[in-house]
Each structure stands twice: as C-alpha cells, then as structure tokens.
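The tour goes from one selection to the next.

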Amino acid sequence: MIHLFDIAKSYPTSEGVHAVIKPTRLSLPSHRRIGVLGQNGAGKSTLLKLMKREIVPVEGEVKRHGHLRIGQYNQHSEEILDLEKDPLTFFQEMYSEGVVT
C-alpha cells in the first residue's frame, strides 16, 4: 500500500515556478496494478518518481508499505538499454543483487 498525503511538486522555470503536481491525496491498495495516463507534461513521470522516492515532494508526505514493489516501463528505454547485450545478460547485470525498491 502507498499513501500520498497532500503531496505537491514544482520545478523552477525561467518565468518562476511550474507546479507539476498540486497538493494531492492518493491511496493505492496492495496487490493492485495501475496505469498512469495523461497528456505530456501532466506529471505522470513526476508522480512515479515521488512514489519510488527518487525525488521528494515540496509539500506533503509519501508513506509506503515495506514490501511495496513498483515496476515501470521507461518511455525512454533506448537511453538505458545496452543494445550490444542480449536481454537476459542485460537484466542479470542490471539487477545482480536483486530488485530493490
């Protein structure tokens, strides 16, 4: 389970500050699969980064269950894939110590 309590995230721009995610509450139950859909720039990647604790919100709090696992298909996969390796070798090297979330 994951709970997002009044989270907000913004980024500085040349015109000031762009609020990507305005204060939001969200709870997702365990053992569910969800999809995140929206227009470009709507904050989908930012929301996932907040959920994975890759970035921190400017407001609010993210609480995650200790056994939560988040999988994500990266829209820019070609930037992280080593096309010289077969898929099995690539993933064995990338996750040599297992998957940690």
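Contact here means heavy atoms within 4.5 Å. Keep that cut-off for the first stop.

This is a predicted model, where local features need pLDDT of at least 70 and side-chain atom pairs count only at pLDDT 80 or more, while totals for chains, interfaces and linings use all residues. Residues are numbered from 1 along each chain as its sequence is written, and side-chain values use heavy atoms, with hydrogens and water left out.

**Stop 1: Val36**

Select Val36. Leaving aside neighbours within four places in sequence, Val36 is in contact with Lys44 and Leu48. Val36 sits in the loop between S2 and H1. Helices (H or I, at least four residues) and strands (E, at least two) are DSSP runs, numbered from the N terminus. The classes are: buried under 20% relative accessible area, exposed over 50%, partly exposed in between (1.4 Å probe, protein chains only).

**Stop 2**

Switch to cartoon and select the strands. They form an open sheet of 3 strands, ordered S2-S1-S3, with antiparallel pairing. The edge strands are S2 (16-28) and S3 (59-64), each of which pairs on one side only. Two strands pair if DSSP finds at least two bridges between them. On average, neighbouring strands of this sheet are turned by 25° against each other, direction ignored. Axes are lines fitted to C-alpha atoms, for helices over the stretch in contact, and angles run from 0 to 180 degrees between N-to-C directions.

Go to S1, residues 2-13. S1 and S2 pair in the antiparallel sense over 9 bridges. Which residue in S2 is the bridge partner of Tyr11? Select His18: that is the partner.

Next, select helix H1, residues 44-51. H1 lies across S1, S2 and S3 and runs at about 125° to S1.

**Stop 3: the salt bridges**

How many salt bridges does the structure hold? There are 3. A salt bridge is a side-chain nitrogen of Lys or Arg within 4 Å of a carboxyl oxygen of Asp or Glu.

Start on the sheet, with Asp6 and Arg25. Their closest N and O atoms are 2.9 Å apart. Asp6 lies in strand S1 and Arg25 in strand S2, so the pair ties together parts that are 19 residues apart in sequence. Asp6 is partly exposed at 33% relative accessible area, whereas Arg25 is exposed at 61%.

Move to Lys52 and Glu54. This salt bridge has its closest N and O atoms 3.2 Å apart. Lys52 is partly exposed at 23%, and Glu54 is partly exposed at 49%.

Finish with Glu93 and Lys85, where the closest N and O atoms are 2.2 Å apart. Glu93 is partly exposed at 45%. Lys85 is partly exposed at 33%.

**Stop 4: the nonpolar patch**

Select Ile80, Leu81, Leu83, Phe91, Met94 and Tyr95: they form a nonpolar patch with about 600 Å² of accessible area together. Patches are made of residues with over 30% relative accessible area and no salt bridge: like charges are joined within 9 Å, nonpolar side chains (Val, Leu, Ile, Met, Phe, Trp, Tyr) within 5 Å. Accessible areas come from the Shrake-Rupley method with a 1.4 Å probe; for residues, only the protein chains shown count as cover.

End on Tyr95, in the segment after helix H2 (87-94). Tyr95 is partly exposed, with a relative accessible area of 38%.
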